[in-house]
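Please read them beside the coordinates.

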Amino acid sequence: MVAISLKNIDKIYDKKVTAVSDFNLEIEDKEFIVFVGPSGCGKSTTLRMIAGLEDISRGEFIMDGHLMNDVAPKNRHIAMVFQNYALYPHLSVYDNMAFGLKLRKMNKKEIKERIDKAAHILGLTDYLQRKPRELSGGQRQRVALGRAIVREAKLFLMDEPLSNLDAKLRVQMRTEISKLHQELNTTMIYVTHDQTEAMTMATRIVIMKDGVIQQVGTPKDVYENP
Ligand code: ADP
Ligand code: ADP
C-alpha cells in the first residue's frame, strides 16, 4: 500500500523563488527515505511542506488516502525533529517531551507512560528533570528524538538532525536512528547533505538538485548507477 503520495508539488516563495519544482514521489509504509543534495536544493522546503509548516504552491500531498494540503500541522499524524533541536530552554526534559501531548489535550497518565517508554529507549530515564543546558549535545539530540517518539506519529520527519554533533557522535547517532526506525516500525523521511548518511541509513534515496529530483533508488542502485 502506498502510504504517502507527493504529486506534482511546486513551492514558489514570494511569487518569484522556485524552491521545488514538479516533485513526484510515492512512499510505502515503513520506508526510510533520505532526501540528499547540496544546500539550497529544496530538501527542507519539501519536508516543511509535508509537515504543514509551508504551504504547497501547487500539487497534492496525500497520506493514507487523505488530501493533506490544508490540514493544520497539529492535526497531521506527523512528528518532526529539527536541526537545532528546538527544545524549550526553561522546561525540563520531561516537560519538553510532554509539551506536544499537552497541546493535544492528552491525559497525564498516558503522557507519563509514553515519556517513560521513550526515555527508556533513548537512555534518558535519569535525565528527565534536567534542563536542556544541563545535557550534552548527544543527550539534547535524544530529547529532540524523544519529543517526536512520544507523539507515536505515523510519519517521522528529520531535518539534518545530526549536523550539530561532532563526527564521532554523528556516526553513533546514525546507528541509533536506524535502530529506532526498526523498533518504532514507522515511516521516516530524513534530510541531509551528507551522502554517507544517506547511503548508510536509507531504504531509498531521493537525490535533489536545484529544486528537482535527479534520481530515486536504493543505496545499491545509486552506488551502481551514480
Ligand atoms: P535545502 O534544505 O536543500 O538546503 P531549502 O529548501 O532550504 O534547501 O531552500 C531551497 C530554496 O528556497 C533556496 O533557494 C532557498 O534560498 C529558498 N528559500 C528557502 N526558504 C525560503 C523562504 N522562507 N523564503 C524565500 N526563499 C526561501
Ligand atoms: P502540570 O504542571 O500541568 O500539572 P507537570 O508537567 O508538572 O504537569 O506534570 C504532569 C504529570 O507528570 C504529573 O503527574 C507529574 O507528577 C508527572 N511528572 C512530571 N515530571 C515527571 C518525571 N520526571 N517523571 C515522572 N513523572 C513526572
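1. A polar contact is taken here as a pair of N or O atoms within 3.5 Å; within protein, one must be able to donate a hydrogen and the other to accept it, and residues adjacent in sequence count only if both atoms are side-chain atoms. In this predicted model, a backbone N or O atom of Gly40 lies 2.7 Å from an oxygen atom of ligand 1, and a polar backbone atom of Gly42 is 3.0 Å from an oxygen atom of the ligand. The side chain of Tyr13 has an N or O atom 3.4 Å from a nitrogen atom of ligand 1.

2. On its own, ligand 1 has 560 Å² of accessible area (Shrake-Rupley method, 1.4 Å probe), and the protein covers 61% of this area.

3. The residues around ligand 1 (a heavy atom within 4 Å) include Asp14, Ala19, Pro38, Lys43, Ser44 and Thr45. Helix α1 (residues 43–51) gives the largest share of this shell, 3 residues, where helices (H or I, at least four residues) and strands (E, at least two) are DSSP runs numbered from the N terminus.

4. The model is predicted, and local features need pLDDT of at least 70, side-chain atom pairs count only at pLDDT 80 or more, and totals for chains, interfaces and linings use all residues. Residues are numbered from 1 along each chain as its sequence is written, chains are lettered from A and ligands numbered from 1 in the order in which they are written, and side-chain values use heavy atoms, with hydrogens and water left out.

5. The largest pocket has a volume of about 460 Å³, and among its 17 lining residues Ile78, Met80, Phe82, Arg104 and Arg151 lie nearest its centre. β6 (78–81), α2 (93–103) and α4 (137–149) each supply at least two residues of this lining.

6. The second largest pocket has a volume of about 200 Å³, and its lining includes Val36, Gln195, Ile205 and Tyr223. To that lining α6 gives the most, with 3 residues.

Conventions
On a 1 Å grid over the protein atoms alone, a cavity is a set of points where a 1.4 Å probe fits but cannot get out, and a pocket is an open set with protein on both sides within 12 Å along at least five of seven lines; lining residues have an atom within 4 Å of a point. Grid points are joined across faces, edges and corners, and a volume is the space filled by probe spheres set on the points.
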